[in-house]
Amino acid sequence: MEILVTGGAGFIGSNFIHYILDKYSNYNVINLDLLTYCGNLGNLMEAEENPNYKFIKGDILDTKLVDSIVAENNVDYIINFAAESHVDRSIHNPKIFLESNIIGTQNLLEVAKKYHERGQIKKYIQISTDEVYGTLGKTGYFTEKTPLSPNSPYSASKAGADMIVRAYHETFNLPINITRCSNNYGPYQFPEKLIPLMINNALTNKKLPVYGDGRNIRDWLHVYDHCTAIDLVLHNGKIGDIYNIGGNNEKENIEIVRIILKYLNRSNDLIEFVEDRLGHDKRYAIDSTKIKSELGWKPKYTFDNGIKKTIDWYLNNEKWLEYVNSNKYINYYNEKYR
Ligand code: NAD
């Protein structure tokens, strides 16, 4: 298999690349990533030693580049992780979210279509999010049939991308899958997202900012379990289908923050409630029955053991955190590739 992974220098993409290279010694992975502020090649140092891995710096909006990568490497699968992914940033600057997340996706689809028609591309997989479904009240779960009702510019851009992926399947018969997962946590996550931000701030004795009353609920999925789910969709996903992936670990944000402080032996006094995020969705919860019953997916981690392992990872990888905090990770590409 020749897999083009886009956005592979980010959190989930880099975990997925490690997972695939470890599991399949006969698969080749090309990582196309623009290295935006959260793209970090320091996430992939081990992969760089592997002859089955190749990195290319570039934009998914660059049609010529994507076309030449697919042609020259005989790519047969494309998995699109590349996106602007932070809700807060989408509130301040929505436009780049539409460009990278929607137009970027359409660009990849256009190349996928061309090479599918030549019998080369076998499948395109879009990594989406449960946020496209909007928000839930106290009860109920998102299923694959829940209508899309995104509330933030980020989730609206991801929903737009899902729609265009669906359209390429319906109109051009492009073989696709869409996966929609809940909030991921684990190693290599940029410390602007809840869990690594709180760990990072607690370790450096900074205040831990919590939005509103901290009672918003997310369903947490360990990134390793997300990778095993994508692996199943890659190999066995029914063409044209959508798969929800959730950890079945609903937690209030404040509960997560207290768990982290307790594990790190820090005081709850570090918590600081701050003004709520605009349009902050109240609750997300995923029904993963379909991927479990049809593809046999079973998450390995409970939240309890996943969060401890994750905190330990950040404790054991202080150098990585230091690089990210000091922006030194941005120089890594220049040192390594120029
Ligand atoms: P991330 O922000 O850590 O990584 C995104 C990567 O995409 C970065 O390496 C960045 O450099 C790259 N990128 C951005 N724009 C690009 C462009 N135009 N061309 C090429 N590369 C570009 O994100 P993540 O948390 O790893 O998320 C990966 C995917 O999973 C995203 O599509 C996101 O919407 C989705 N997702 C994430 C979560 C989560 O909890 N992190 C949950 C649900 C869905």
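Analyst: Happy to. Helix H6 passes helix H8 in a right-handed crossing, that is, with the near helix turned clockwise from the far one by less than a right angle. This is a predicted model, in which local features need pLDDT of at least 70, side-chain atom pairs count only at pLDDT 80 or more, and totals for chains, interfaces and linings use all residues. Residues are numbered from 1 along each chain as its sequence is written. Helices (H or I, at least four residues) and strands (E, at least two) are DSSP runs, numbered from the N terminus.

Two packed helices are described by the angle between their axes and the distance between the axes. For H6 (residues 194-203) and H8 (residues 253-263), the angle is about 40° and the axes are 10 Å apart. The axes are lines fitted to C-alpha atoms, for helices over the stretch in contact, with angles from 0 to 180 degrees between N-to-C directions.

H6 brings Leu-194, Ile-195, Met-198, Ile-199 and Ala-202 to the contact, and H8 answers with Asn-253, Ile-256, Val-257, Ile-260 and Leu-261. Contact here means C-beta atoms, placed from the backbone, within 7 Å. An α-helix has 3.6 residues a turn, so residues three or four places apart point the same way. By class, nine of the residues joining H6 and H8 are nonpolar, one is polar and none is charged. In this scheme Ala, Val, Leu, Ile, Met, Phe, Trp, Tyr, Cys and Pro are nonpolar, Asp, Glu, Lys and Arg are charged, and the others, Gly among them, are polar.

H8 also holds Glu-255. Glu-255 counts as partly exposed because 14 other C-beta atoms lie within 10 Å; a residue is buried with 20 or more such neighbours, exposed with 12 or fewer, and partly exposed in between, with C-beta atoms placed from the backbone.

Thr-63, Val-66, Asp-67 and Val-70 of H2 meet Asn-107, Leu-108, Glu-110, Val-111 and Tyr-115 of H4. This contact of H2 with H4 has five nonpolar, two polar and two charged residues.

Two further residues of H2 are worth a look. Lys-64, in helix H2, is exposed because it has 9 C-beta neighbours inside 10 Å; its C-alpha atom is 9.9 Å from that of Asn-107, 43 residues away along the chain. Ala-71, also in H2, is partly exposed, since its count is 14 neighbours inside 10 Å. In H4, Glu-117 is exposed because 12 other C-beta atoms lie within 10 Å.

H4 leads on to the ligand. Of the 30 residues around the ligand, Gly-7, Gly-10, Gly-39, Ala-83 and Thr-129 come nearest; a residue is near when its C-beta atom, placed from the backbone, lies within 6 Å. Helix H1 (11-23), helix H4 (95-117), strand E5 (123-129) and strand E7 (183-185) are the elements that give two or more residues to this shell. H1 gives the most, with three residues. The shell around the ligand consists of 14 nonpolar, twelve polar and four charged residues.

Lastly, two loop residues. Leu-35, in the loop between strand E2 (28-33) and strand E3 (53-57), has a positive phi of about 55° although it is not a glycine. Asn-248 likewise has a positive phi of about 55° without being a glycine, and it lies in the loop between strand E10 (242-245) and strand E11 (250-252).

Technical notes:
Two residues are in contact if their C-beta atoms, placed from the backbone, lie within 7 Å.
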